[in-house]
Amino acid sequence: MCGIIAYTGERVALPLLITGLSKLEYRGYDSAGVYTPEDGLLRSTDGVQSLAALAPNAPSGTFGIAHTRWATHGAPAVRNAHPHAAQNNILHLVHNGIIENYQDLKDELSALGHTFASDTDSEVLAHYIATAYEAGLTTTEALASTLSKVRGTYGIALVFADDPGTLYAAALGSPIVIGIGEHEAWVASDATALIHETKRVVYLEDGEYAIVTPETYTIKTLGHIDKTRTPQTVTQNAEELSKHGYAHYMLKEMHEIPTVIADTTRGRLSEMRSTVKLGGLEEVRRELERMERLMVVGCGSAYYAGLYGKYLIGSLVGLPVDLELGSEARYRSIPASRSSVLLAVTQSGETADTLASVKAFKEHGGLTLGLVNVVGSTIARTVDAGVYTHAGPEIGVASTKAFVTQLVGFGLIALKLAELRGVTSTELLSFKDALLSLPTLATEVLARSERVEAVAQHYAKYAHMLYIGRSLSAPMAYEGALKLKEVSYIHAEGYPAGEMKHGPLAMIDDAFPTMAIAPRDSVYEKMISNIQEIKARKGPIIMVATDGDYRAEEMADHVIWIPKAHEALMPVLATMALQQFAYAVALAKGINPDRPRNLAKSVTVE
Ligand code: M6R
């Protein structure tokens with residue numbers, strides 16, 4: 001999510017590092033920082049280019065590390081910006097990823113008298129390595145022994161005061177690449193940051209660390225076993241690299257879904273623990289125990305995630321949930337009190353209508369919460385408490401991975417509310433376990449995308465489509481239709497299947513296909529009746545069906561298969577398939593799905 005660049009060589013490092021950081025801007029950043037021993041630690045929340053002006057003298061350092069931050073732990077602020085220093089500057093470190101057990105490591109260090117200048121998990125890592133080094137381990141022993149205690153993901157670069165000119169780096173679940181030049185070398189999170197300087201690169205594999213000097217690089221495992229790796233030549237340009245080989249950001253972001261689901265549950269949900277850890281809700285737990293109603297607001301996809309949340313919380317927790325569009329709620333007089341709570345759902349955290357609803361609710365004395373992706377965004381700062389989804393920067397205008405993490409976020413919130421309100425059931429337990437297995441199932445859905453693409457080819461020619469679903473799949477019908485509209489410009493309507501006879505059935509003929517989301521759940525038979533009614537009127541049917549549903553192929557013109565899963569999670573898998581469908585239709589129509597006409601990623605005006 002964040003970006004790392006580090007340099008060692010003969011040239012003045014600071015301008016090189018700032019240029020490298022600017023190449024990582026596409027990853028999104030809320031603060032940036034750079035460290036060279038000669039120029040000191042320079043950090044800012046005013047963008048990468050502001051760093052140069054912070055140098056007290058003409059820059060002179062010839063090695064250093066730099067970082068652009070996309071906040072996960074701790075608000076966007078200078079004190080949370082990287083690099084982080086440890087123990088009187090014996091080392092400086094930059095980090096991408098999430099240290100899941102950072103609180104345990106922090107407690108251990110606090111007991112030894114450590115104090116921390118930031119709220120980040122990354123600073124804890126810096127202190128931990130420095131402590132091992134101070135205790136007499138070598139630089140690499142200190143690094144490897146610390147990393148073997150870490151749970152979570154990291155891509156790191158660090159420099160030790162005692163070892164000028166040497167860059168240290170390590171990777172686990174967050175990429176690190178070494179760039180090799182003439183009497184100089186680079187370390188980066190992403191080759192985009194260095195290909196304007198060198199195209200000769202070496203990638204670290206998970207569980208490896210590297211020692212990099214201007215002339216040499218050494219790669220070892222955390223067990224200090226040497227690894228030989230020959231440099232490869234990067235052939236792509238920067239734009240291609242930032243998409244990580246995918247043709248579009250939308251495709252890249254769909255492929256990130258298994259990872260971001262795991263990021264969203266990481267450290268919050270575990271097989272070993274029966275409780276759910278949502279630190280952001282701790283200070284309002286009393287209010288959540290007593291709350292009588294929850295009101296959810298959001299716009300677009302976030303509103304549909306809210307509808308899923310309404311059904312989920314209603315069924316798992318038994319708590320009544322009202323749902324409102326931000327654009328409507330802001331103009332309605334909403335009776336708010338401390339026993340009613342508003343939850344704003346938003347990827348960007350900047351949507352004007354959602355923000356206005358939060359402010360209105362707050363003015364009436366209600367407690368406000370956020371389910372937000374962008375850390376430190378306006379809504380994240382405005383609400384009283386909340387939960388971050390950890391989808392990372394989403395660049396494609398059509399929400400894909402962020403939407404899925406909103407659904408997962410609602411899963412976590414439902415489990416937390418059940419826990420706080422003393423609701424127990426076997427259903428809750430099986431839902432919790434199922435949530436932990438969701439990344440594997442999501443990977444399976446991605447592996448089947450070719451079939452979805454083949455189905456999509458048949459439907460690119462239609463002018464209209466209907467999407468139907470029931471219960472937890474009804475929100476996916478709305479969302480699937482929105483996705484298709486956004487990226488393919490086909491007119492698509494989402495409808496709860498039970499409403500068909502109340503009007504929409506009149507539209508059906510052989511030119512009006514229906515996407516029926518009909519997983520093997522408790523309303524399956526009802527969906528089958530709807531499908532039969534549409535078929536009787538010659539409406540072409542695509543059915544999103546669960547593996548093993550032998551009736552699907554008989555009934556539907558085309559079937560999109562999803563794996564068997566917990567009833568509440570099959571809609572999540574279905575929505576992924578519908579994203580793939582919309583993407584493929586856009587391509588079939590020659591539309592760039594990353595740049596839908598007339599739309600913007602963040603809707604900051606009414
Ligand atoms: O940033 P937000 O989640 O608040 O944005 C809300 C909507 O604008 C957003 O979900 C929009 O509908 C997407 N383009 C859908 O793909």
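1. Contacts (heavy atoms within 4.5 Å) are counted here for pairs with a separation of 6 or more, and residues 24 or more positions apart account for 70% of them in the chain.

2. This is a predicted model, in which local features need pLDDT of at least 70 and side-chain atom pairs count only at pLDDT 80 or more, while totals for chains, interfaces and linings use all residues. Residues are numbered from 1 along each chain as its sequence is written, and side-chain values use heavy atoms, with hydrogens and water left out.

3. The chain holds 19 helices and 25 strands; these are DSSP runs, H or I of at least four residues for helices and E of at least two for strands, numbered from the N terminus. Its radius of gyration, taken over C-alpha atoms, is 25 Å, close to the 25 Å from the globule rule for 606 residues, so the chain is as compact as a globular protein of that length. That rule is 2.2 Å times the number of residues to the power 0.38. The C-alpha atoms fill a box of roughly 75 × 55 × 45 Å along the principal axes.

4. Of the 606 residues, 60% are buried, meaning under 20% relative accessible area with a 1.4 Å probe, protein chains only. The chain exposes about 22700 Å², and carbon and sulfur atoms supply 50% of that area (Shrake-Rupley method, 1.4 Å probe).

5. An automatic or database assignment sets the domain bounds: domain 1 (3-240), domain 2 (243-446) and domain 3 (450-588). The centres of domain 1 and domain 2, over C-alpha atoms, are 32 Å apart. Their contact takes 16 residues from domain 1 and 15 residues from domain 2.

Technical notes. Buried means under 20% relative accessible area, exposed over 50%, partly exposed in between (1.4 Å probe, protein chains only).
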